[in-house]
Amino acid sequence: MTKPWFKPVADHALLVEFATQISDAANRDVLALDQALAKADVPGVIEVVPAFVNLLIDFDPLVTDHTMLEATVGKLLKTATQTTHDPVRHAVQICYDADLAPDLAAVAKACELSPETVINAHLAGDYRVCMYGFAPGYAYMAGVPDPIQVPRKAAAVRDVSAGSVIIAGPQCLITTLTMPTGWSVIGRSPSRVLLNRPDRTFLFDVGDHVAFERIDRATYDRLSKGSPHD
């Protein structure tokens with residue numbers, strides 16, 4: 001595991017950073033520490049928030065402090081491994097019909113591929129949930145295959161529908177709200193990532209894997225009927 005560096009955040013949090021650029025190795029270190037902290041039940045720790053290359057530990061300053069917590073994390077890092085998380089694999093349906101995938105043709109043109117080749121490449125990807133951020137239920141996934149990686153748009157587009165499957169660079173995401181985005185919309189899913197359940201907020205845990213399964217429009221319409229995406 002890579003040795004991280006620490007940054008105090010106000011008087012109640014500690015940021016543990018493993019890298020300055022996004023990488024699978026750094027994210028796996030983040031997940032390993034997240035799991036180690038969960039198992040250790042460290043006194044004073046209120047919440048742990050994993051991201052791509054760092055992890056924020058929010059704590060009660062009346063119980064612990066930055067120095068004590070940094071020492072505890074240092075001890076945990078000696079035993080934490082990248083195999084502590086047993087990921088769940090999720091199958092997520094997606095429809096690529098043109099009106100649900102307004103940027104599919106543009107992505108194909110930018111990558112000098114046919115739309116069907118872009119679809120097949122997207123379906124072949126192995127997507128890993130790296131973090132939640134930006135909006136409720138926005139699960140940032142790594143794993144977009146190299147041939148279909150495209151940059152963000154120069155300007156965001158308003159009113160992108162919930163359930164849209166969007167890509168930018170190596171990242172993929174299923175939107176949960178109608179919001180603007182500068183990512184490319186290549187399909188839409190009837191699957192609900194943001195759950196209305198008291199026992200579980202999100203469909204995925206950080207570290208889980210996602211595989212997309214293609215469905216036709218009739219199946220999409222049937223599965224999305226009554227969905228909060230509508």
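Reader: How many salt bridges does the structure hold?

Author: This is a predicted model, in which local features need pLDDT of at least 70, side-chain atom pairs count only at pLDDT 80 or more, and totals for chains, interfaces and linings use all residues. Residues are numbered from 1 along each chain as its sequence is written, and side-chain values use heavy atoms, with hydrogens and water left out. A salt bridge is a side-chain nitrogen of Lys or Arg within 4 Å of a carboxyl oxygen of Asp or Glu. By that rule the salt bridges of the structure number nine.

Reader: Why does the pair of Arg217 and Asp99 tie together parts apart in sequence, and how many residues apart are they?

Author: The closest N and O atoms of the Arg217 and Asp99 salt bridge are 2.8 Å apart. Helices (H or I, at least four residues) and strands (E, at least two) are DSSP runs, numbered from the N terminus. Arg217 belongs to helix α5 (residues 217-224) and Asp99 to the loop between β5 (89-94) and α3, so the parts tied together are apart in sequence by 118 residues.

Reader: Which residues of α3 and α4 make the contact?

Author: The axes of helix α3 (residues 104-111) and helix α4 (residues 115-124) come within 8 Å and cross at roughly 95 degrees; axes are lines fitted to C-alpha atoms, for helices over the stretch in contact, with angles from 0 to 180 degrees between N-to-C directions. Contact means heavy atoms within 4.5 Å. On the α3 side the residues are Leu104, Val107 and Ala108, and on the α4 side Pro115, Val118 and Ile119.

Reader: What area is buried between domain 1 and domain 2?

Author: The domain assignment, automatic or from a database, gives domain 1 (5-79) and domain 2 (89-224). Their C-alpha centres lie 29 Å apart, and the contact takes eight residues from domain 1 and eight residues from domain 2. Buried area is the accessible area (1.4 Å probe) that two parts lose on being put together, summed over both. Carbon and sulfur atoms give 63% of the area buried here, which is about 700 Å².
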